[in-house]
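Here are my notes on this model, point by point. Please read them with the coordinates open.

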Amino acid sequence: MDQGADPRDELMTIWWLCNRARECAIDVEPVLSEVANLSSDADLYGFGSMQMLIMRGLEVHDLG
């Protein structure tokens, strides 16, 4: 699904998943790069492309 109902929700999910992966000592950068290369570069809703949202998983956020 390309960005789902709300791209902001997709971004929060990406951050949560990447945080969990880091806690398990998984290097997320190569995984994100591979998936981003397969993803759409079209900005459908003005929040950036799915490719860009996936690469934002490299950002580290405290999601509490």
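**Notes on the predicted model**

1. Start with arginine 20. The model is a predicted one, so please read every value below as computed from predicted coordinates.

2. Which residue forms a salt bridge with arginine 20? The partner is glutamate 23, and the closest N and O atoms are 2.8 Å apart. Both residues sit in helix 1. They are three residues apart, about one turn of the helix. Glutamate 23 has 59% relative accessibility and counts as exposed, because the cut-off for exposed is over 50%.

3. The structure holds two salt bridges. One joins the side chains of glutamate 59 and arginine 56, at 2.8 Å from N to O. Are these two residues buried or partly exposed? Glutamate 59 is partly exposed, with a relative accessible area of 29%. Arginine 56 is partly exposed too, at 27%.

4. Now the largest pocket. Its volume is about 260 Å³. The elements that give two or more residues to its lining are helix 1 (7-23), helix 2 (28-38) and helix 3. Helix 1 gives the most, with six residues.

5. How many residues line the largest pocket, and which lie nearest its centre? The lining has 14 residues. Ile14, Leu17, Cys18, Leu32 and Ile54 lie nearest the centre. By class, the lining has 12 nonpolar residues, one polar and one charged.

6. Next, the surface. Met12, Trp16, Leu17 and Leu63 form a nonpolar patch there. Together these four residues have about 390 Å² of accessible area.

7. Where does leucine 63 lie? Its place is in the segment after helix 3 (50-55). Leucine 63 is partly exposed, with a relative accessible area of 33%. That value passes the patch cut-off, because patch residues need over 30% relative accessible area.

8. Aspartate 62 also has its place in the segment after helix 3. Aspartate 62 counts as exposed, at 75% relative accessibility. Its C-alpha atom is separated by 9.0 Å from that of tryptophan 16. Along the chain, aspartate 62 and tryptophan 16 are 46 residues apart.

9. Methionine 50 is found in helix 3. Is methionine 50 buried or exposed? It counts as buried, at 9% relative accessibility, because buried means under 20%. The C-alpha atoms of methionine 50 and cysteine 18 are separated by 16 Å. These two residues are 32 residues apart along the chain.

10. Last, a backbone point. Please check alanine 25, whose phi is near 65°. That is a positive value in a residue other than glycine. Alanine 25 has its place in the loop between helix 1 and helix 2. At 72% relative accessibility, alanine 25 counts as exposed.

Note on methods
Residues numbered from 1 in each chain as written. Predicted model: local features only at pLDDT ≥ 70, side-chain atom pairs only at ≥ 80, totals over all residues. Heavy atoms only, no water. Patch = residues over 30% accessible without salt bridge, like charges linked within 9 Å, V, L, I, M, F, W, Y side chains within 5 Å. Areas by Shrake-Rupley, 256 points an atom, 1.4 Å probe, with all protein chains shown as cover. Helix = DSSP H or I, 4+ residues; strand = E, 2+ residues; numbered from the N terminus. Buried < 20%, exposed > 50% of the residue type's maximum accessible area, 1.4 Å probe, protein only. 1 Å grid on protein atoms, 1.4 Å probe; cavity = no way out; pocket = protein on both sides within 12 Å on 5 of 7 lines; lining within 4 Å. Points joined across faces, edges and corners; volume = space filled by probe spheres on them. Nonpolar A, V, L, I, M, F, W, Y, C, P; charged D, E, K, R; others polar.
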